[in-house]
Amino acid sequence: MILLNITFACDPSLETEIRSWIIDTYIPEATASGLFSHPLVSKVFPLPDSDAVSFAVQMRCTTAGQANGWLAGTGGSLCASLTSGRNDRVLFFPTIMEIIHGHDA
């Protein structure tokens with residue numbers, strides 16, 4: 001089982017907008033693709049010297065190829081549209097991981 005994690009970091013003035021976009025746009029698109037299940041959105045505790053607000057989005061899929069395909073296609077396009085025109089006030093970075101142990105893995 002594969003876990004796709006995408007961390008979004010944003011300017012505090014965009015917190016509500018970005019959280020809404022993740023919940024109302026990104027997660028529905030990802031789950032509607034049929035590739036992902038078990039979506040989870042978490043707010044990341046900031047580092048002591050950081051003002052950025054960060055959210056981690058995690059979803060499960062069957063293969064790393066599916067996650068990479070999503071990121072190269074629809075998922076990447078969605079993230080690019082989110083960051084476009086925001087002058088580096090929103091950043092994102094994906095991490096693809098293999099689940100090796102878990103309660104329901």
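1. Start with the packing of two helices. Ile18, Trp21, Thr25, Tyr26 and Glu29 in H1 meet Thr74, Gly75, Leu78, Cys79 and Leu82 in H3. Contact means heavy atoms within 4.5 Å. By class, this contact involves six nonpolar, three polar and one charged residues. Ala, Val, Leu, Ile, Met, Phe, Trp, Tyr, Cys and Pro count as nonpolar, Asp, Glu, Lys and Arg as charged, and the others, Gly among them, as polar.

2. A word on the basis. This is a predicted model, in which local features need pLDDT of at least 70 and side-chain atom pairs count only at pLDDT 80 or more, while totals for chains, interfaces and linings use all residues. Residues are numbered from 1 along each chain as its sequence is written, and side-chain values use heavy atoms, with hydrogens and water left out.

3. Now the helix geometry. H1 spans residues 15-32 and H3 spans residues 74-83. Helices (H or I, at least four residues) and strands (E, at least two) are DSSP runs, numbered from the N terminus. The two axes come within 11 Å and cross at roughly 160°. Axes are lines fitted to C-alpha atoms, for helices over the stretch in contact, with angles from 0 to 180 degrees between N-to-C directions. H1 and H3 are therefore roughly antiparallel (angle over 145 degrees).

4. Glu15 also belongs to H1. Is Glu15 buried or exposed? Its relative accessible area is 17%, so Glu15 is buried. Buried means under 20% relative accessible area, exposed over 50%, partly exposed in between (1.4 Å probe, protein chains only). The side chain of Glu15 makes a polar contact of 2.8 Å with that of Lys43. A polar contact is a pair of N or O atoms within 3.5 Å; within protein, one must be able to donate a hydrogen and the other to accept it, and residues adjacent in sequence count only if both atoms are side-chain atoms. Beyond four places in sequence, Glu15 touches Cys10, Lys43, Val53 and Phe55.

5. Next, Thr7 in strand S1 (residues 2-10). Thr7 counts as buried because its relative accessibility is 11%. Its side chain pairs with that of Asn5 in a polar contact of 3.1 Å. Residues up to four places away aside, Thr7 touches Ser54, Phe55, Ala56, Leu91, Phe92 and Phe93.

6. Last, Leu40 in strand S2 (residues 37-44). At 43% relative accessibility, Leu40 is partly exposed. Neighbours within four places aside, Leu40 is in contact with Ala56, Val57 and Gln58. Leu40 and Ile2 are 38 residues apart along the chain, with 14 Å between their C-alpha atoms.

Terms used: Parallel < 35°, antiparallel > 145°, perpendicular 65-115°, else oblique.
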